[in-house]
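Subject: Structure handover

Hi,

Here is the structure you were going to look at. My notes follow below it.

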Amino acid sequence: MPELPEVEVVRRGLERWVSGRTIDAVEVRHPRAIRRHTAGAADFAARLKGLRLGTARRRGKYLWLPVTGGGPAAQTAAEGITPMVTPSVTHGLAILAHLGMSGQLLVQPQDAPDEKHLRIRIGFADELATELRFVDQRTFGGLSLHDTVPGDADHLPDVIAHIARDPLDPAFDDAAFHDALRRRRTTVKRALLDQTLISGVGNIYADEALWRSKLHYERPTATFTHPRTAELLGHVRDVMNAALAVGGTSFDSLYVNVNGESGYFERSLDAYGREDEPCRRCGTPIRRRPWMNRSSYFCPRCQRPPRA
């Protein structure tokens, strides 16, 4: 599943190619792709027509496009559709995208052949001759339209207001994270994957940051000191920035940017996916252990397990 670097790469592509454009038409080709929009496909398409996309934004693994404009209330009423959300001066609207395991947001020429798993097509009222397509092989992802949190500068959709800020967010509070980490009374990898504590970190980058920090994934969070937490956060940021620089991590063709290109950070992974390969620090074979329906990769010498 895409993590923060992969989603940020997609966000940057959306910011460049679709932010500021006005929606002309929306075609929903598979109902599961808008299942989180409970009013249905017709409402989703009708309410977006004529709206202008704002700057693409992201929190953790979620990204969204604020929408502004007069709104399609008159059109939906004329078509007998009851709008699910009514825009107001205190509530904005945003298209929330969740990529799931295989979701792709692609900017394609209008005359490009349809992808086999094309789920949603968004056309624009301009002369650029490109459209935004949501493609999803496994249909775990989707798009939905939501109110935004009143007064929030980022136009955060209200349904993800509980998601914590991510470590690359300038407003991320390191000291508050340390205090919450110690209070959580859990183990460090569980904490890193807790999106209400710190967002955007998934299995891949958790293993990479823990390897860089020489920390075992079962290290109790109650044992963390301020310097140890600061070191861990530094490695989380370093590995994510390194992944961003090469377009993220792509193990197959399911994760791509808006131009259909894969990322290359897989070649730089130090722990994840390297079972039985030598540790780049000490040469000890990397081990893999089942963990919470996933796998944890670690060096048994550099990342010694905590004492019972």
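A disulfide here is a pair of cysteine sulfur atoms within 2.5 Å, and the structure holds zero of them. Cys279 is in no disulfide either, and the nearest cysteine sulfur to it is again that of Cys299, 3.8 Å away. As for cover, Cys282 is partly exposed with a relative accessible area of 27%, whereas Cys279 counts as buried at 4%. Buried means under 20% relative accessible area, exposed over 50% and partly exposed in between, using a 1.4 Å probe and protein chains only.

Before you go further, some ground rules. This is a predicted model, so local features need pLDDT of at least 70 and side-chain atom pairs count only at pLDDT 80 or more, while totals for chains, interfaces and linings use all residues. Residues are numbered from 1 along each chain as its sequence is written, and side-chain values use heavy atoms, with hydrogens and water left out.

The overall picture: the protein chain has seven helices and eleven strands. These are DSSP runs numbered from the N terminus, with helices being H or I of at least four residues and strands E of at least two. Of the 308 residues in the chain, 52% are buried. Its accessible surface comes to about 14000 Å², and 49% of that belongs to carbon and sulfur atoms. Those areas come from the Shrake-Rupley method with a 1.4 Å probe, and for residues only the protein chains shown count as cover. Contact means heavy atoms within 4.5 Å; among contacts between residues at least 6 apart in sequence, 67% join residues at least 24 apart.

Now the strands. Two of them pair if DSSP finds at least two bridges between them. E1 and strand E7 (residues 118-124) run antiparallel and are joined by five bridges; Glu27 has Arg121 as its bridge partner in E7.

Strand E5 (residues 93-98) is worth a look too. Six of its six residues are buried, so E5 is largely enclosed by the rest of the structure. Leu93, Ile95 and Ala97 point one way from the strand, and Ala94, Leu96 and His98 point the other way. Strand E4 (residues 62-68) is joined to E5 by five antiparallel bridges, with Trp64 opposite Leu96. Six bridges join E5 to E9, also running antiparallel, and there Ile95 has Leu145 in E9 as its bridge partner.

On to the aromatics. Rings of Phe, Tyr and Trp (its six-membered ring) pair if their centres lie within 6.5 Å; planes under 30 degrees apart count as stacked, over 60 as edge-to-face and the rest as tilted. The count comes to three aromatic pairs. One of them is Phe172 with Phe177, a tilted pair at 5.7 Å centre to centre and 45 degrees between the planes. Another joins Tyr217 and Phe298: the ring centres are 5.5 Å apart and the planes at 70 degrees, so this pair is edge-to-face. It links distant parts of the chain, with Tyr217 in the loop between helix H6 (203-213) and helix H7 (226-245), and Phe298 in strand E11 (residues 294-298), 81 residues apart. Tyr217 is buried at 9% relative accessible area, and Phe298 is buried at 6%.

Phe172 itself sits in the loop between strand E9 (142-147) and helix H4 (174-184) and is buried, at 11%. Beyond its neighbours within four places in sequence, Phe172 is in contact with residues including Arg165, Ile198, Leu233 and Arg237. Ile198 lies 26 residues from Phe172 in sequence, with 8.9 Å between their C-alpha atoms.

Last, H6. Ten of its eleven residues are buried, among them Tyr205, Leu210 and Trp211. What covers the buried residues includes helix H1 (4-17), helix H5 (188-192), H7, strand E10 (287-291) and E11. H6 is followed by Lys214, which has a positive phi, near 60 degrees.

Cheers
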